[in-house]
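Work through the exercises below with the sequence and the 3D view at hand. Each task is followed by a worked solution.

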Amino acid sequence: MYNTLLVQTNDSICTITINRPDKLNALNKTVITELSAAIDEVYINADIKSAIITGAGAKAFVAGADISEFLELSAADGEELARRGQQWVFDKIENSPKPIIAAVNGFALGGGCELALACHFIYASENAKFGQPEVNLGLIPGYGGTQRLTQLIGRNRSMELLMTGNMITAKEAMEYGMVNKVTSTEELLPKVKETLLLIQSKAPVAIGNVIECVNNFDHTQQGYDFEIKKFGECFATEDLKEGASAFLEKRKANFKGK
Ligand code: COA
């Protein structure tokens, strides 16, 4: 069905593997278009409760946007490339009501680092490397790198990574707060799946509300007001009644996502 992705669903977890290992899974136009369709499927398919994004091969998660597509672009084309990618893929991942986790199995550079950052959190294998090397090409990040990275690791570390183009290891990325867990290569997907199965056992509407509230993080009153509204909305769900009843009846909750 896809030319550049492998997509498989097991235990309601959809694993989306970017599959151009000979080009270190670089994001060309086809990958972006196909990723957009695969994420749409995660949104609409009721049999899918969560998703993993990872890369094929032993070397790379994603080594960035496909540089071979850059030389012919005008300023307007460049702006369009970034806008389309953001809307079709990166923003859609970030705003997905179902959890989407990055399993970073190697180089996550440029658009690859941004792809991981757009996911709800990141697990990485020991050999993973993160970086925003766009300045080496006369470029800056265009898929949210300057924004999501700064929000996540703070202004000064973000400035340094963006201006030097240096790569950091998985361990350093964990110290920076970019990565939640570092595993061996073999353990990466099993660990992500274990966490997703745990999340899938919780109330799905509440999980969607958590994602929405965290994405709307705002240290002013607006953020608290948004949370209050979403908290209230939970009381209109069958899942809240089921979860609270199950606790009081000392049994396991059976959530319906309603
Ligand atoms: N776009 C297009 N092709 C890419 C690519 C990218 N972002 N990253 C890697 N590739 C291709 C290489 O051109 C090479 O193709 P070839 O075999 O047809 O020549 C293949 O993937 C393997 O990469 P190679 O550079 O030979 O591997 P390496 O182990 O020597 O180096 C990297 C690995 C990641 C350090 C290096 O590939 C690199 O710096 N990539 C670009 C990273 C980048 O600048 N990303 C931001 C883009 S905006």
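A salt bridge here is a side-chain nitrogen of Lys or Arg within 4 Å of a carboxyl oxygen of Asp or Glu. The model is predicted.

**Exercise 1.** Which residue forms a salt bridge with Glu 80, and which with Glu 242?

Solution. 
- Step 1: Glu 80 pairs with Arg 84, with 3.4 Å between the closest N and O atoms.
- Step 2: Glu 80 and Arg 84 lie 4 residues apart in helix 2, about one helical turn.
- Step 3: Glu 80 is partly exposed at 36% relative accessibility, and Arg 84 is partly exposed at 37%.
- Step 4: Glu 242 pairs with Arg 251, the closest N and O atoms being 2.9 Å apart.
- Step 5: Glu 242 is buried, with a relative accessible area of 18%, while Arg 251 is partly exposed at 37%.
- Step 6: Elsewhere, shared partners link Glu 212, Lys 229, Lys 230 and Glu 233 into one network of salt bridges. The structure holds 13 salt bridges.

**Exercise 2.** Which residues of helix 4 are buried, and where do they lie around the axis?

Solution. 
- Step 1: The buried residues in helix 4 are Gly 145, Arg 148, Leu 149 and Ile 153.
- Step 2: These residues cover an arc of only 105° around the axis, so they are on the same side of helix 4.
- Step 3: Gln 147 and Gln 151 are exposed on the other side of helix 4.
- Step 4: The buried residues pack against helix 2 (75-94), helix 3 (111-118), helix 5 (155-164) and helix 6 (170-176).

**Exercise 3.** How many disulfides does the structure hold?

Solution. 
- Step 1: A disulfide needs two cysteine sulfur atoms within 2.5 Å, and the structure holds 0 disulfides.
- Step 2: For Cys 14, the nearest cysteine sulfur is that of Cys 119, 12 Å away. Cys 14 is buried, at 2% relative accessible area.
- Step 3: The sulfur of Cys 213 is 8.0 Å from the closest cysteine sulfur, in Cys 234, too far for a bond.

Conventions:
Residues numbered from 1 in each chain as written. Predicted model: local features only at pLDDT ≥ 70, side-chain atom pairs only at ≥ 80, totals over all residues. Heavy atoms only, no water. Buried < 20%, exposed > 50% of the residue type's maximum accessible area, 1.4 Å probe, protein only. Helix = DSSP H or I, 4+ residues; strand = E, 2+ residues; numbered from the N terminus. Arc of directions from axis to C-beta. Contact = heavy atoms within 4.5 Å.
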